[in-house]
Amino acid sequence: MSKAFKIIVASTKGGVGKTVIAVNLAVALSLAGYRTLLFETDGVNSGISYHLGNVDEESSLRLYKPSGLYYAPASVSESRRVDDRVLELEALLKNAQYDFVVIDTPPADKSIFAMKSDAGLVIVNPDEQSCAAGIITKDLIESSGSKCNVMLNRGFEKPYALSAKEIEEMFGSPLIASIEEEKELYKSLLDHVPNYLTDNARRFNEQIEKVARIYAAMVDEDYANKFDNSKEAVSKAKAEVKKLHA
Ligand SMILES: Nc1ncnc2c1ncn2[C@@H]1O[C@H](COP(=O)(O)OP(=O)(O)O)[C@@H](O)[C@H]1O
Ligand SMILES: [Mg+2]
């Protein structure tokens, strides 16, 4: 692979799970052996450092050692503007090659969607408001020429929630994956360990791996072997995290 495959994790609505999904998707790709950069454009609600447990370090490009993931938090950027973050990403991509770039985006700032990406991952919850935001987001990403998939997060049973089928009808396309409301995710946040490296919320991890495999399949014929062989890397990373937090 020569050029980085850019995935924009997006919704114009906040709180739907963009950051938690971006972080864990990037961790999953890095553990499968892909050189991955997690890039944060949300300078106002900067959050990825909390997930990765590295809030004090000042460098703009960091390595999350347990999984070998590169990440660039927005909190250390001089500017809070998304346009400036896009320029900073371009500079990083000139300096090093990556297989994947996972881009975590802010809500309520549409300028990021003008950036050309290889895939948009729109996150929705099972309510009308987040689906309406999802439809707007999907249109914006697609109008910049990028392909887009929709993923349900925080799904729960009726009577108060939209079902996966109802959401698919609203979008006119199948959901790429679907995650339930998982209280255990809060344990990962509290511990500052990405959920993918814990035994919390297993169904969440399964769905993250499913999405990671779908993207890997788009760029790498050998992706299935890489994920099958990554079990050892995952165990090692889990052990390393335990040591770090002991
Ligand atoms: N499936 C889920 N189950 C339970 N809590 C979740 C789930 N997805 C996200 N959350 C929680 O919801 C909050 C908002 O998620 P976040 O990823 O920060 O949203 P966004 O980046 O879209 O604003 C976080 O505290 C996160 O841990
Ligand atoms: Mg966020």
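Modeller: Happy to! Of the 15 residues around ligand 1, those that come nearest are Gly-17, Lys-18, Thr-19, Val-20 and Glu-182; a residue is near a molecule if its C-beta atom, placed from the backbone, lies within 6 Å of it. Before going on, please keep in mind that this is a predicted model, in which local features need pLDDT of at least 70, side-chain atom pairs count only at pLDDT 80 or more, and totals for chains, interfaces and linings use all residues. Residues are numbered from 1 along each chain as its sequence is written, while chains are lettered from A and ligands numbered from 1 in the order in which they are written.

The shell around ligand 1 takes at least two residues from each of α1, β7 and α6 (185-191). Its largest share, 3 residues, comes from α1. Helices (H or I, at least four residues) and strands (E, at least two) are DSSP runs, numbered from the N terminus.

Behind it is an open sheet of 8 strands with mixed pairing, in the order β3-β4-β2-β5-β1-β6-β7-β8; two strands pair if DSSP finds at least two bridges between them. At the edges are β3 (62-64) and β8 (177-180), each pairing on one side only. Helix α1 (residues 18-31) packs on this sheet and touches β1, β2 (36-40), β4 (69-72), β5 (100-104), β6 and β7. Its direction makes about 165 degrees with that of β5; axes are lines fitted to C-alpha atoms, for helices over the stretch in contact, and angles run from 0 to 180 degrees between N-to-C directions. Helix α7 (residues 202-219) also packs on the sheet, touching β1, β5, β6, β7 and β8.

Leaving aside neighbours within four places in sequence, Leu-25 is in contact with Val-102, Ile-208, Val-211 and Ala-212, where contact requires C-beta atoms, placed from the backbone, within 7 Å.

Finally, back to β7: this strand pairs with β6 in the parallel sense over 6 bridges, and its Met-151 is the bridge partner of Ile-123.

Notes. Contact = placed C-beta atoms within 7 Å.
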